[in-house]
Every structure is written in structure tokens, then in C-alpha cells.
Amino acid sequence: MKKLEFNIDINANAQKVWNTMLGADTYKQWVSVSWPGSKFEGKWEQGESLRFEGEQGGGTKAVLDECRPYEYLIARHVAIINGDGSEDTTSEVAKGWIGTTESYTFTEQNGKTALRVELNTAPEWAGMFEEGWPNALQELKRICES
């Protein structure tokens, strides 16, 4: 696994950043700059599963191993989702993806939030994240601060 980290300071409190980052409509807005058409289904609550899907219908399934609102969450990817909506845990692609984790840490001070995104992923997926996350976080910042 390769560890990646992305950081951004946002001039908004942690609750606003959390709600903007994880709200169904605002999620689509900020994530679309890097991954157009992306959306999620599920609840951002500990123990829940989330399905992340793109324009073409494929995507990933993750379980929230820990969720402390406005502070921290960690998602562990457990399957890929095929274009027909079925889940795959056995193909070589799935085996390379399963186990990827992403965590978000929200640290508020004086009404401003430092957001840290950490990913542990297979090296073959790192480029997608290294290219996409900086732009997506800049859009999240723009939305939160407007």
C-alpha cells in the first residue's frame, strides 16, 4: 500500500466543512471537478456501508470503521461495483482495490478548519488520487467559504 496525504485550510468551522463535504448535493459539486458524475449512497455513520458510483455506473463500496462527526472518519473499501451494479470482491482488480482506506481529519481552531485526507492504496491507484484530490479540495474550500 502507498500512503498519500492531502491538506487544506478552510475558513469555515468544522461542522460546515463536514456537512459540505459529506452532504449528498454538495458532495457532487466539489468531487465533480476531479471525478465528474460521482455520487454516493448510504449514511455517513459508523458501521454503515457507502456505495460510491461514477457517471458510468461503476464504483466502489466502503464501510465506515470509525465516524466522529465534525472530527474524524475512516472508510475501508471492501468491493468494487460493476457497471451493472453488482459487487465484485474476487477479480484481480477488486483484490487490488480492497483494503484501500481513506480518512478525513477535521481540526478546528478559531473558526477555521484544517482538513487532512489520508489514503492508503495500491500503487496503481495512487496517480488517480494525486491528480484528483488537490483540485477537489480546492473546490470544497471554495464552496465552504462562499
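1. Let's start with Glu139, which sits in helix H4. Helices here are DSSP runs of H or I with at least four residues, strands are DSSP runs of E with at least two, and both are numbered from the N terminus. Before going on: this is a predicted model, where local features need pLDDT of at least 70 and side-chain atom pairs count only at pLDDT 80 or more, while totals for chains, interfaces and linings use all residues. Residues are numbered from 1 along each chain as its sequence is written, and side-chain values use heavy atoms, with hydrogens and water left out.

2. Is Glu139 buried or exposed? Glu139 counts as buried because its relative accessibility is 16%. For reference, buried means under 20% relative accessible area, exposed means over 50%, and partly exposed is in between (1.4 Å probe, protein chains only).

3. Now look at what surrounds Glu139. Its side chain makes a polar contact with the side chain of Arg142, at 2.7 Å. A polar contact is a pair of N or O atoms within 3.5 Å; within protein, one must be able to donate a hydrogen and the other to accept it, and residues adjacent in sequence count only if both atoms are side-chain atoms. If you skip the neighbours within four places in sequence, Glu139 is in contact (heavy atoms within 4.5 Å) with Gln29, Trp30 and Val33. As for Leu73, 66 residues away along the chain, its C-alpha atom is separated from that of Glu139 by 20 Å.

4. Zoom out to the whole of H4, residues 123–145. Where does H4 bend? The bend is at Gly132, by about 30 degrees, and the proline Pro134 follows within four residues. That angle is taken between axes fitted to the seven residues ending at a position and the seven starting there.

5. Several H4 residues are buried, including Phe129, Trp133, Leu137, Leu140 and Ile143. The buried residues of H4 pack against strands S1 (2–10), S7 (101–109) and S8 (112–121), and against helices H1 (14–22), H2 (24–31) and H3 (92–97).

6. Two of those helices deserve a quick look. In H1, the buried residues are Ala14, Val17, Trp18, Thr20, Met21 and Leu22. Asn13 caps the N-terminal end of H1, with a side-chain oxygen 3.2 Å from the backbone nitrogen of Gln15. Over in H2 you'll find Ala24, which counts as partly exposed because its relative accessibility is 42%. Ala24 and Ser91 are 67 residues apart in sequence, and their C-alpha atoms are 30 Å apart in space.

7. Next, a hairpin. Strands S2 (residues 39–42) and S3 (residues 49–53) run antiparallel and are joined by four bridges; two strands pair if DSSP finds at least two bridges between them. Lys39 stands opposite Glu53 in S3. Six residues lie between the strands of this hairpin, where Gly47 takes a positive phi near 85 degrees.

8. How many salt bridges does a search of the whole structure find? The count is twelve, a salt bridge being a side-chain nitrogen of Lys or Arg within 4 Å of a carboxyl oxygen of Asp or Glu. One of them joins the side chains of Arg51 and Glu87 (3.1 Å, N to O). This pair links distant parts of the chain, with Arg51 in strand S3 and Glu87 in strand S6 (residues 87–88), 36 residues apart. Arg51, Glu53, Lys61 and Glu87 are linked in a network of salt bridges.

9. Another salt bridge brings together the side chains of Asp65 and Arg76 (2.8 Å, N to O). Here strand S4 (residues 59–68) holds Asp65 and strand S5 (residues 72–81) holds Arg76, eleven residues apart. Asp65 counts as partly exposed because its relative accessibility is 33%, and Arg76 counts as partly exposed at 32%.
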